[in-house]
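Morning, everyone. Let me put one chain on the screen and walk through it.

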Amino acid sequence: SAGVVTVFELDPDQPLETLIVRRSEFDFGADSEPWAAVIAADGNTAYVIARRAQTLTRIVDLRGKPSVSGALRVGSEPTAIVISPNGRRVFAANWGDGTVSVVDSPPVSESEAMNVGVDPRFKVSSSIDLNEALVGTGVLGSIKSRLGLAHPRALAITDDGDDEDGDETLYATEFFRTPGATRTPSRCSPAPSTARVRSATM
């Protein structure tokens, strides 16, 4: 794998041959394995997870001069990513260790985007342990929780249309079928690390 993420600027009024006006490439490192990307509601910020590098990277100023404004270490083999409706939190599902990393990511203004640097507000604030939730269902028998029991593969989050995300629910799918697993509500805030995630099987 080349480990490169490319941002394209397109002009929809142009024919296919000249559709791409500009491209910006970001080298995440050989074998970093960029896996998935999402664009925030502002249309100007993107987040990329790299599965092998175990990182979440924020790219800002997509409409201007795209640049990286931070990279965070998350869990083992991140395979899914979702942004809360108000854009202030990002969730990364870590397939290898059975957790969801909760990342604080306050909006970046245009002036901040132009002055790329380390943003202390962009950080992993907590982690949701899906292994404990899976053990709690009883489908695995009488065992103790440990990393790697759960394998979250995809994430989805509700949006009731307001700016308050404390009443939203985060869903994580369990990769391996677990018959009879229960579904319990989860809240994005104020304490996501203690939340129970509604689980579904694939």
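The accessible surface of the protein chain is about 10700 Å², and carbon and sulfur atoms hold 52% of that. Those areas are Shrake-Rupley values with a 1.4 Å probe; for residues, only the protein chains shown count as cover.

A word on the source. This is a predicted model, where local features need pLDDT of at least 70, side-chain atom pairs need 80 or more, and totals for chains, interfaces and linings use all residues. Numbering runs from 1 along each chain as its sequence is written, and side-chain values use heavy atoms, without hydrogens or water.

Next, the fold. The chain has two helices and 13 strands. These are DSSP runs: H or I of at least four residues for helices, E of at least two for strands, numbered from the N terminus. Of the 202 residues, 43% are buried, meaning under 20% relative accessible area with a 1.4 Å probe, protein chains only.

Now one residue. Where does Asp 104 sit? In strand β9, residues 99-104. Asp 104 counts as buried because its relative accessibility is 19%. Its side chain makes a polar contact of 3.4 Å with the side chain of Arg 89. That term means N or O atoms within 3.5 Å, one able to donate a hydrogen and the other to accept it; residues adjacent in sequence count only if both atoms are side-chain atoms.

Leaving out residues up to four places away in sequence, Asp 104 touches Arg 88, Arg 89, Arg 121, Phe 122, Lys 123 and Ser 125. Touching means heavy atoms within 4.5 Å.

Note on methods:
Buried means under 20% relative accessible area, exposed over 50%, partly exposed in between (1.4 Å probe, protein chains only).
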